[in-house]
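Please read these notes alongside the sequence and the coordinates.

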Amino acid sequence: MTQYKSDLLNLLDSRGYIHQTTDAEALDALAVKEIVPGYIGFDPTAPSLHVGSLVQIMMLRRLQQAGHKPLVLMGGGTGKIGDPSFKDEARKLMTDEVIQSNVASIKRVFENFLTFGDGPTDAVMLDNAEWLDKLEYIPFLREIGQHFSVNRMLSFDSVKLRLDREQSLSFLEFNYMILQAYDFRELSERYACRLQMGGSDQWGNIVNGIELTRRKDGTQVFGLTTPLITTADGGKMGKTMAGAVWLNADMLSPYDYWQFWRNTQDADVGRFLRLFTDVPLDEIAELEKAEGAAINDVKKRLADEATALCHGREAAEAAAETARKTFELGVAGGELPTLAVGPDGIGILQANVQLGFAASNGEVKRKVQEGAIRVNDEKVSDIQHIVKAGDKVSFGAKKHGLIVAEA
């Protein structure tokens, strides 16, 4: 671990956030000397962000914890194009109405992680549509386009990947990196922003913004990226058989969110505690010593703390209590769906459909074949299986329901 002078870089480094930085020594010195406004952009491609964006949200939280100023940039403008970085094909274009609806929905989650206000280190929420929508094409080309080399843009990995695979890259998408660079320059001018952070796939876009800002007005700004967060088995963080792990409670319940963290692989628990919770590092070091069944208690701690950050402590405690009742005591937890059946029970296919886990018997059949349907935590392989009162039915990793007796 590198020893830095600033609280900011020491905090980010000790918790595992740093992959690449531009001029780390100069950024370190700046963070010692003054409050550093830093930003991360989030394009509104859905009504909620998911766990794949959580490390970036936590980076903004760490920035604020270290005494600096987070700028949350919503991509109301760039969202009209879609970031092509490491994508196999172009994103489907959204209408302005959908984009604005998504922006409004996404904003809510940040209030759980950051303190907003007018103070020197209070977070600010911005939308790049404010300046991108007003750009005029010819003046933009003359002022900004001259600073970008197409030869260099073609050399970026995110572009080369599409071209090497002979997959179409539209001129619309090709402009995305120019607009993101323009965002950094605009934030530097308007808000004295000195740092852009992002995932490792954003390195080329960030460097473009740094160079554009330097060429336009000589201001030194910095970039910092995080490593790609994968699970111990090499899987992509936040991808499950049941779909995306959304951060908004109206798209994924706090209970299911808690269960996602509770199901963390043993080898990932310590790393995820550092990245996704505020548990002190010395305490995490002790928790990492757990072995055998004791690891389950550490996973519950991870689930409690991660859920409390995203949904509040009360929701986390309710989720933990529901899980305790359901999995440890075998009685119905208040947040789980139930299905009342007669003494003869009901088929596993119909049970999942009636619990609302699937739209058809055929969908459940496929899940049975994939090994994703469980009864009382045991895999079901027979599509004729009958469940009866007292059974717990699980559809994938996140959907659970209880079979109860008809009154």
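Predicted model: local features only at pLDDT ≥ 70, side-chain atom pairs only at ≥ 80, totals over all residues.

1. Residues are numbered from 1 along each chain as its sequence is written, and side-chain values use heavy atoms, with hydrogens and water left out.

2. The sheet is open and is built from 6 strands in the order β1-β6-β5-β2-β3-β4, with mixed pairing; strands (E, at least two residues) and helices (H or I, at least four) are DSSP runs numbered from the N terminus, and two strands pair if DSSP finds at least two bridges between them. At the edges lie β1 (20–21) and β4 (124–127), each of which pairs on one side only. Strand β5 (residues 195–199) runs parallel to β6, with 5 bridges between them, and Met-197 has Leu-224 in β6 as its bridge partner.

3. Helix α3 lies across β2 (37–42), β3 (69–74), β5 and β6, at about 165 degrees to β2; axes are lines fitted to C-alpha atoms, for helices over the stretch in contact, and angles run from 0 to 180 degrees between N-to-C directions. Helix α10 (residues 176–191) also packs on the sheet, where it touches β2, β3, β4, β5 and β6 and makes about 145 degrees with the direction of β2; contact here means heavy atoms within 4.5 Å.

4. The largest nonpolar core has 62 residues, of which Phe-110, Trp-261 and Phe-276 touch the most other members. Such a core is a set of buried Ala, Val, Leu, Ile, Met, Phe, Trp, Tyr and Cys residues joined through side-chain atoms within 4.5 Å. Helix α3 (residues 54–65) gives this core its largest share, 7 residues. A second, separate core of 28 residues includes Ile-144, Met-153, Val-159 and Ile-210.

5. Asn-102, in helix α4 (residues 96–110), is buried at 5% relative accessibility. Beyond residues up to four places away in sequence, Asn-102 touches Pro-44, Thr-45, Ala-46, Pro-47 and Met-94.

6. The whole structure holds 19 salt bridges, each being a side-chain nitrogen of Lys or Arg within 4 Å of a carboxyl oxygen of Asp or Glu. In the bridge between Arg-152 and Glu-211, the closest N and O atoms are 3.3 Å apart. Arg-152 lies in helix α7 (residues 150–155) and Glu-211 in helix α11 (residues 203–217), so this pair ties together parts that are 59 residues apart in sequence.

7. Glu-189 and Arg-185 form a salt bridge with closest N and O atoms 3.5 Å apart, and, because they are 4 residues apart in helix α10, about one helical turn separates them. Arg-185 is buried at 9% relative accessibility, whereas Glu-189 is partly exposed at 49%. Both belong to a network of salt bridges that links Glu-143, Arg-185, Glu-189 and Lys-216.

Note on methods
Buried < 20%, exposed > 50% of the residue type's maximum accessible area, 1.4 Å probe, protein only.
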